[in-house]
Amino acid sequence: MAQIKVNDLQKAFGDFVAVKGSTFTVEDGEFFVMLGPSGCGKTTTLRMIAGLELPTGGAIQLGGEDVTLKRAAQRDIAFVFQLFALYPHMNVRENIGFPLKCQNMPKAEIRRRVEEAARILRITDLLSCSVSGLSSGDRQRVALGRAIVRKPMAFMMDEPLGALDAEFRELMCNELRALHDRLQATTVYVTHDQLEAMAMADKIAVMNHGVIEQLGTPQEIYDRPATMFVADFIGSPPMNFLNFTQALKRGDRTTRLDGISVDVPEIHEDMSERAFTLGVRPEAVRIVSEGGLRGQVFGSEYLGTNQIVIVNTDHGRVKARIGSEQRVPDGGTVGLAFRPEKLSIFDKQSGRAVRTALHDGGIHG
Amino acid sequence: MSGLSTAHSVVEPSATSKRVAGALVIAYALITLIPLLWIVLTSFKTPPDSIAYPPKLMFQPSIEGYCNLFTTRTRQTPEYLAAMPPPTGYCDRAVRSRNMVIAGPSNVIPRFTNSIIIAFGSTFLAVFLGTLAAYAFSRFRIPLKDDLLFFILSTRMMPPIAVAIPIYLMYRELGLSDTLLGMILLYTAVNVSLAVWLLKGFIDEIPREYEEAAMIDGYTRLQAFTKIVLPQATTGIAATAIFCMIFAWNEYAFAVLLTSGEAQTMPPFIPFIIGEGGQDWPAVASATTLFLIPIVVFTVLLRKHLLRGITFGAVRK
């Protein structure tokens, strides 16, 4: 296992720039997730690390060695594809053993390693089956088997759960993380599913338009989004955005939203008067009968332990996640109050988060 | 997509409509097979039977046509024939009964060999080059890719025979007229565009993850191509080979124009099998029958692939 260092990595396809200078480090044994909408450059970055695409700029180090221009086969990386890419003309045993056969390993050793991998993945009884008859979950296990049998320096996974149905996905999600913990394997995992990313990652890189918008642990990314894009992309329902215009001063602890004073984390930078956006997670909203930001209840979604209440205000629609025992009448006028320590402020123009006490302990670009 | 397929009616056809469809298919098959059947029957007739009027459906079968096809014969006087030792075989006897003796073998075997060498050679070359080109077009970013593909296709936009005269002159200059190499190159040139387009379709359908997985697992691009892509593409390669083979095997116009002796193929040879006192129809028919056999065998061997091949791409898995 090894550390992966990516420095100012770039990739252009003709005029289209897919990756605009990514820099990050995946520590040895880390489960690193690249998260973003489709076309954000996450898969291209992964493919460059694996050697399936050559970068147009930057460098990649694997275990301290520069592999930027090396062929995929020379990098000692295993890759798990979304559509499994199992060879249909081989059975399960041959599929798992294929990478070892490529390395001309002795037959007995291949047999031993294939059986070991199969045992870890609990597919020993499938070894002599043809891959075409397998369920998608089993296919994915075979694909994982083909990756782990090599004991590579690192695993690359390109939406490996994307082709599974929801039920299987959750199961495989847990299995994958357990497998990672067991093998202590450096893993780079690409997905567009924030739940998968939050559930599995040690560290997440959120990408958009070829740029890494934020790099951090799932909790950092959720609690202290560095940009409006990240705030919007992570969380379901996503963060509420409320616009206001004023100047911000270092040390401020309140902002004004249409004459209503809203407590916010202490502001740590001075900014001239301009449009800002207050970011509020649905669970940071409380519904109060008196005061607060007034609005009319539009409807609610009952989710068992809690409910999502949708309130129309002058600042747009706000979703609040509150306990399901609180009764909120449809169409009634209510007040919204916010938990100050959970609020983010963004510069509306650039989308960048304004530095506040929220960021203490976390550093964001 | 399987969930959406129910949007179309998938009602099992009724027994009656199945029977009607079956009858139509059989009728059509008979209509197309009758000329072939007639040729095969004619090949087993004697020359007088073959031109009898009204045509004979029932006759005493004979392989005189095949005897005549494989031999050249000369006419002799009855006295000369009487002085000869007794005939040694069926053909000898049949020929002597027409007051002739076998003078030697005919050209049919060398012509047939030419046909086989040219058809297989050009099919192999066209499919080989076509597979490599199709793979490149399918997988790599090639400058002017679309223009190149269109250019390759455009070579099929006129009948090949339209360039017969320039090719004739060119071949004469290059010394390729009436050579096996010349014919192989010509048929390859005609077929390669078809091969590129057909095979590109097949290779496009093979997920590139297969090769990428293999390359990550330790194969070079070439190994991934030969060990992963080729086995997956056998269907397409077989279908393409049949199409190329049929063209090269049956091609008549260029063969007439460019071959006369050494490299002559069967199609120009067959019509000129002339017997004494007119066309020797049983010999022509037996040549045609023999000529059909290789392509039928080739097609039957690969027919599974052919059927999948021509419907490939139309139906997604």
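This is a predicted model: local features need pLDDT of at least 70, side-chain atom pairs count only at pLDDT 80 or more; totals for chains, interfaces and linings use all residues.
Among the contacts in chain A between residues at least 6 apart in sequence, 65% join residues at least 24 apart, where two residues are in contact if their C-beta atoms, placed from the backbone, lie within 7 Å. Residues are numbered from 1 along each chain as its sequence is written, and chains are lettered from A and ligands numbered from 1 in the order in which they are written.

Staying with chain A, 42% of its 365 residues count as buried, a word that applies if 20 or more other C-beta atoms, placed from the backbone, lie within 10 Å of the residue's own. The domain assignment, automatic or from a database, gives domain 1 (4–223) and domain 2 (238–359) in chain A, and the C-alpha centres of these two domains lie 39 Å apart.

Now to the other chain: how many residues of chain B are in contact with chain A? There are 13 of them, and they meet 16 residues of chain A. On that side of chain B, α10 (209–216) and α11 (221–232) each supply at least two residues, helices here being DSSP runs of H or I, at least four residues, numbered from the N terminus. The largest share, 6 residues, comes from α10(B).

Key
A residue is buried if 20 or more other C-beta atoms lie within 10 Å of its own, exposed if 12 or fewer, and partly exposed in between; C-beta atoms are placed from the backbone.
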